[in-house]
Amino acid sequence: MPELLYKAYIDYEISWGEYERTRQLYERLLDRTKYLKVWISYAKFETSTDMEDEEITSLFCGDPLKPPLLLLGICGTTAFVSMWMNNTAAAVMMMPVATGVLQRLPQGDSVHPDIRRFCKAVILGVIYSAAIGGMSTLTGTGVNLILVGMWQSYYPQEKPISFSTWFFFGFPLALLLFFALWGILCLLYCSKNSEKALSAYLDRTHLKRELELLGPMAFAEKMVLTVFGLLVVLWMTRSLTNDVPGWGALFQDRVGDGSVSVMMATLLFIIPNKKMRERS
């Protein structure tokens, strides 16, 4: 029972970065008990606070993650997904992924301020990245399609806005806004001590273990990825420039982006979800 009380007090002191007081608690606990788990826990604490011996720290506590890079990965994934689907749906889909990462961090009022700020950065990053990614393509936001319809209605004599035309206009702007967002979030919410505060709960070993648990890609996942890649290529190459008209000219521009989407969706219903040998 004393070990449990000491452990709770020790975790509280570690969350606030009071390493000297934590060391004193460990020494008092070791005078009372000789359990091997206590010695192992104390050894991990000492190696995690020993900044002069990084190899031993990596051996016991794993390779620590850099919070700005982790934030960049989460926001970049959200922005990429939002490019090809509605930004609201992308935010709803990516929010459980972000909160799944944050669930590894401690909760409550006694959480270290750097951890609390990093959690805010992740949530805000997912929300704003979905909006920024939706600017890149026509399918990213429904408002983009409304603009295309208004363009065709008010300026029928002008060349219609194609998927590639919008992409070459919106993607550089979205990329600039994305890195501006990432820089602002890192400046406001990722301090120099955030890596040290997160190292006890998140490291690259945890993420690699979670990735290995997913296993290899299934046949159905590969087919969906292939069809999706083909869809993007057809969208981008339907109408290019005046000198290079694109494959849409073969059908006298009677085929639109919606026709390509319906064709790819129909293809997904035709392709089986397993190989023939797996089915047998």
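View 1. Leaving aside neighbours within four places in sequence, asparagine 144 is in contact (heavy atoms within 4.5 Å) with Gly134, Met135, Thr137, Leu138 and Trp166. Its place is in helix H8, residues 142–154; helices here are DSSP runs of H or I with at least four residues, strands are runs of E with at least two, and both are numbered from the N terminus. Asparagine 144 is buried, with a relative accessible area of 9%. Buried stands for under 20% relative accessible area, exposed for over 50%, and partly exposed for what lies in between, using a 1.4 Å probe and protein chains only. This and every other view show a predicted model, in which local features need pLDDT of at least 70 and side-chain atom pairs count only at pLDDT 80 or more, while totals for chains, interfaces and linings use all residues. Residues are numbered from 1 along each chain as its sequence is written, and side-chain values use heavy atoms, with hydrogens and water left out.

View 2. The secondary structure comes to 14 helices and zero strands. Of the 280 residues, 34% count as buried. Take the contacts between residues at least 6 apart in sequence: 69% of them join residues at least 24 apart. The average pLDDT, which is the predictor's confidence in each residue on a scale from 0 to 100, is 80 for the chain, and 82% of the residues score at least 70. Please read residues 50–61 with this in mind: pLDDT stays under 50 there, and the model has 13 contacts beyond four places in sequence for this stretch.

**View 3. The salt bridge between arginine 117 and aspartate 114.** The side chains of these two residues meet at 2.2 Å, N to O. A salt bridge is a side-chain nitrogen of Lys or Arg within 4 Å of a carboxyl oxygen of Asp or Glu, and by this rule the count comes to one. Arginine 117 and aspartate 114 are three residues apart in helix H7 (residues 113–133), so about one helical turn separates them. Aspartate 114 is buried, at a relative accessible area of 5%, whereas arginine 117 is partly exposed, at 30%.

**View 4. Helix H7 packed against helix H9.** The two helices pack at an angle of about 170°, with their axes 10 Å apart. H7 is therefore roughly antiparallel to H9, a label for angles over 145 degrees; under 35 counts as roughly parallel, 65 to 115 as roughly perpendicular and the rest as oblique. The axes are lines fitted to C-alpha atoms, for helices over the stretch in contact, and angles run from 0 to 180 degrees between N-to-C directions. On the H7 side, the residues that meet H9 include Arg117, Phe118, Leu124, Tyr128 and Ile132. Among their partners in H9 are Ala174, Phe178, Leu181, Leu185 and Tyr189.

**View 5. Aromatic pairs, stacked and tilted.** Rings of Phe, Tyr and Trp (its six-membered ring) pair if their centres lie within 6.5 Å; planes under 30 degrees apart count as stacked, over 60 as edge-to-face and the rest as tilted. By this rule the count comes to nine aromatic pairs. In one of them, the rings of tryptophan 84 and phenylalanine 163 have centres 6.1 Å apart and planes at 15°, so this pair is stacked. Tryptophan 84 lies in helix H5 (residues 67–84) and phenylalanine 163 in helix H9 (residues 163–189), so the pair ties together parts that are 79 residues apart in sequence. Both tryptophan 84 and phenylalanine 163 are buried. The rings of tryptophan 151 and tyrosine 155, with centres 5.0 Å apart and planes at 40°, form a tilted pair. Tryptophan 151 is partly exposed, with a relative accessible area of 30%, and tyrosine 155 is partly exposed too, with 42%. Ring pairs also link Phe80, Trp84, Phe163, Phe228 and Trp235 into a cluster.

**View 6. Proline 67 in helix H5.** Proline 67 has its place in H5 and is buried, with a relative accessible area of 3%. Not counting residues up to four places away in sequence, proline 67 touches Phe118, Cys190, Ser194, Glu195 and Leu198. From proline 67 to serine 191 the C-alpha to C-alpha distance is 9.1 Å, while 124 residues separate them in sequence.
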